[in-house]
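Dear colleague,

Please find the structure below, handed over for your records. My notes on it come after the display.

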Amino acid sequence: MTVRKVVKYGTPSLREKSKEVHKISKKVQILIDDLYDTMYATNGVGLAAPQIGENLRIFVIDTGIDAKSMNPITFINPKIIKKEGAVNSYEGCLSFPEAYSNVRRYSYVKVKALDIKGRPFIIEAKDGSLLARAIQHEFDHLDGVLFIDHCRNRFETDKILADKGLSPTDPNYLLDEKELEEEIQKLPPVEEKKVD
Ligand code: NI
C-alpha cells in the first residue's frame, strides 16, 4: 500500500512507449495496488503505470463517485478493438495539475485487456461516457500520448498551460483529427464534464 509520486508533464518518460506485461508477477501486482492507492489519494478517475514511473502497459480506472459506487477496473496489455463516434471532452490529467482543456475523443470504444489474474476480458464504453473517455485517456499514456495532443484549439490550450506554469503544446505531438473535429462540430453543445 503505497501512494507514489505522480510524474509531471515535462518528464521524458511520459513520452515513451510502454512495454507489454509478460507475467503478472508479485512486482506487477504491487504496482497495480500502488496505482489504485495513488489514484484514490489524488482523486483521479484513472491512472496509468507510466505516470508513476513504470513504463508498462497497465492502467486502472474507477469512475465511481463515492464509496458505494466504486468500480475499479484494471487493464493489462489493453487493445482498443473498435472505436466510433466523436465527442468533445473536457479533460485534465494528474500529470498536469489543475490544467483542463477541450479535446477530441471517440464516443464509443471496445477494449480487450487482461485482468489482474491474467484473464482476458472485453469491455464496451458508450455514449461519450466518463468510462469511454477515461479509457482513451489512460490508453494514450501507454503510447506516450498526452491529452493535450488531442486539443481542439492549440492556442487556447497553450494559454491554459501557461496559466499553470506548464510548457506549451509541442507541434510534433499534436494529432491531426479532422474527421473527429468535423463530427464534433455537428453535435449540439453539451455540458462539460471533467475527466482526470
Ligand atoms: Ni492522464
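Predicted model: local features only at pLDDT ≥ 70, side-chain atom pairs only at ≥ 80, totals over all residues.

Residues are numbered from 1 along each chain as its sequence is written, and side-chain values use heavy atoms, with hydrogens and water left out.

**The sheet**

Five strands form an open sheet in the order E1-E2-E3-E6-E7, with antiparallel pairing. Helices (H or I, at least four residues) and strands (E, at least two) are DSSP runs, numbered from the N terminus, and two strands pair if DSSP finds at least two bridges between them. Strand E1 (46-48) and strand E7 (120-125) are the edge strands, each pairing on one side only. From one strand to the next, the twist averages 40°; axes are lines fitted to C-alpha atoms, for helices over the stretch in contact, and angles run from 0 to 180 degrees between N-to-C directions.

Two helices pack on this sheet. Helix H1 (residues 26-41) touches E1, E2 and E3, and its direction makes about 40° with that of E2. Helix H2 (residues 130-142) touches E1, E2, E3, strand E6 (108-114) and E7, and its direction makes about 160° with that of E2. Contact here means heavy atoms within 4.5 Å.

The pairings can be followed strand by strand. E1 and E2 are antiparallel over three bridges, with Ala 48 opposite Phe 59 in E2. Strand E2 (residues 58-62) and strand E3 (residues 72-84) are antiparallel over five bridges. E3 and E6 are antiparallel over six bridges, and Ile 76 has Leu 114 in E6 as its bridge partner.

Strand E2 is largely enclosed by the rest of the structure, because five of its five residues are buried. Buried means under 20% relative accessible area, exposed over 50%, and partly exposed in between (1.4 Å probe, protein chains only). Both faces of E2 are covered, with Ile 58, Val 60 and Asp 62 on one side and Phe 59 and Ile 61 on the other.

**The nickel site**

Cys 93 (SG), His 137 (NE2) and His 141 (NE2) are the protein donors of the nickel ion, lying 2.1 to 2.2 Å from it. Donors are N, O and S atoms within 2.8 Å of the metal (3.2 Å for Na, K and Ca); water is not among the atoms, so sites may look incomplete. Along the chain, the donors follow the spacing C-x43-H-x3-H. Distant parts of the chain are linked here: Cys 93 is in strand E4 (residues 87-93) and His 137 in helix H2, 44 residues apart. Cys 93 and His 137 are both buried.

**Helix H4**

The buried residues of H4 are Leu 180, Glu 181 and Ile 184. Seen down the helix axis, they fall within an arc of 100°, so they line one face of H4; the arc is that of the directions from the helix axis to the C-beta atoms. Lys 178, Glu 179, Gln 185 and Lys 186 are exposed on the face turned away from the buried side. E4 and strand E5 (96-105) are included in what covers the buried residues of H4.

**Three buried residues**

Asn 77 lies in strand E3 and is buried at 10% relative accessibility. A polar atom of the Asn 77 side chain lies 2.8 Å from the backbone nitrogen of Val 21. Leaving aside neighbours within four places in sequence, Asn 77 is in contact with Glu 20, Val 21, Arg 57, Lys 112, Ala 113 and Leu 114.

Thr 169 lies in the loop between H3 and helix H4 (178-186) and is buried, with a relative accessible area of 5%. The side chain of Thr 169 makes a polar contact with the side chain of Arg 154 (3.4 Å). A polar contact is a pair of N or O atoms within 3.5 Å; within protein, one must be able to donate a hydrogen and the other to accept it, and residues adjacent in sequence count only if both atoms are side-chain atoms.

Asp 158 lies in helix H3 (residues 154-163) and is buried, with a relative accessible area of 16%. Beyond its neighbours within four places in sequence, Asp 158 is in contact with Pro 168 and Thr 169.

With kind regards
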